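Take a look at the model below. We will walk through it step by step.

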Amino acid sequence: MIKHPKILSKGFCKEIIENTSNYFTPAFRGNWEVWNIKDSESAEYILSEYNDIIPDGMKPLWINFIDYNVGVGLWEHKDGQGDLTFISALNDDFEGGEVVIDGAKISLKQGDVVAFDGTKLKHGVSEVTKGNRYSLSIWLKESNTIDFKIQFKKTII
């Protein structure tokens with residue numbers, strides 16, 4: 001696990017939060033709001049912020065925007081796919097909502113990114129107790145192991 005401080009600019013974080021629907025399509029799951037990346041132009045724009053930390057030979061499988069409201073968290077789990085998971089903080093004006101990796105709580109400030117192998121390490125998000133927690137999650141895979149056309153889905157609500 002590697003914590004990368006201040007990878008995302010404040011302007012980028014604000015842009016994604018305020019204009020989510022420009023880049024993502026809603027795909028609500030239960031009591032937490034997940035948005036799937038909308039198109040290849042949106043994916044390129046978002047990934048450009050991560051250029052310094054995406055290892056050579058890695059390509060994205062999924063890119064999601066997630067809005068955690070008060071009372072919402074994410075159970076600890078392992079991912080079914082990917083070689084590298086990025087969890088990125090778009091804001092830090094909330095309480096609770098820490099990233100939990102193998103039982104350790106990790107607080108992220110706006111713009112921070114934590115990188116780890118989500119298929120091997122259990123991870124989740126503690127319950128948000130005040131405000132809304134906004135984040136980006138990106139799953140990457142080695143390019144020699146898969147065809148990397150990101151699947152863009154339209155979700156009917």
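Is S137 buried or exposed? S137 counts as buried, at 7% relative accessibility. Buried means under 20% relative accessible area, exposed over 50%, and partly exposed in between (1.4 Å probe, protein chains only). This is a predicted model: local features need pLDDT of at least 70, side-chain atom pairs count only at pLDDT 80 or more, and totals for chains, interfaces and linings use all residues. Residues are numbered from 1 along each chain as its sequence is written, and side-chain values use heavy atoms, leaving out hydrogens and water.

S137 sits in strand β13. Strands are DSSP runs (E, at least two residues), numbered from the N terminus. Setting aside neighbours within four places in sequence, S137 is in contact with W62, I63, N64, I66, F86 and I87. Contact means heavy atoms within 4.5 Å.

Now for charges. Side chains of opposite charge can pair when their charged atoms come close. A search of the whole structure finds two salt bridges. Each needs a side-chain nitrogen of Lys or Arg within 4 Å of a carboxyl oxygen of Asp or Glu. One joins D83 and K141, with the closest N and O atoms 3.5 Å apart. D83 lies in the loop between β5 (74–77) and β6 (84–89), and K141 in strand β13 (residues 133–142), so the pair ties together parts that are 58 residues apart in sequence. D83 is partly exposed, at 25% relative accessibility.

D117 forms a salt bridge with K120, and here the closest N and O atoms are 3.8 Å apart. K120 is exposed, with a relative accessible area of 61%.

Note on methods. Helix = DSSP H or I, 4+ residues; strand = E, 2+ residues; numbered from the N terminus.
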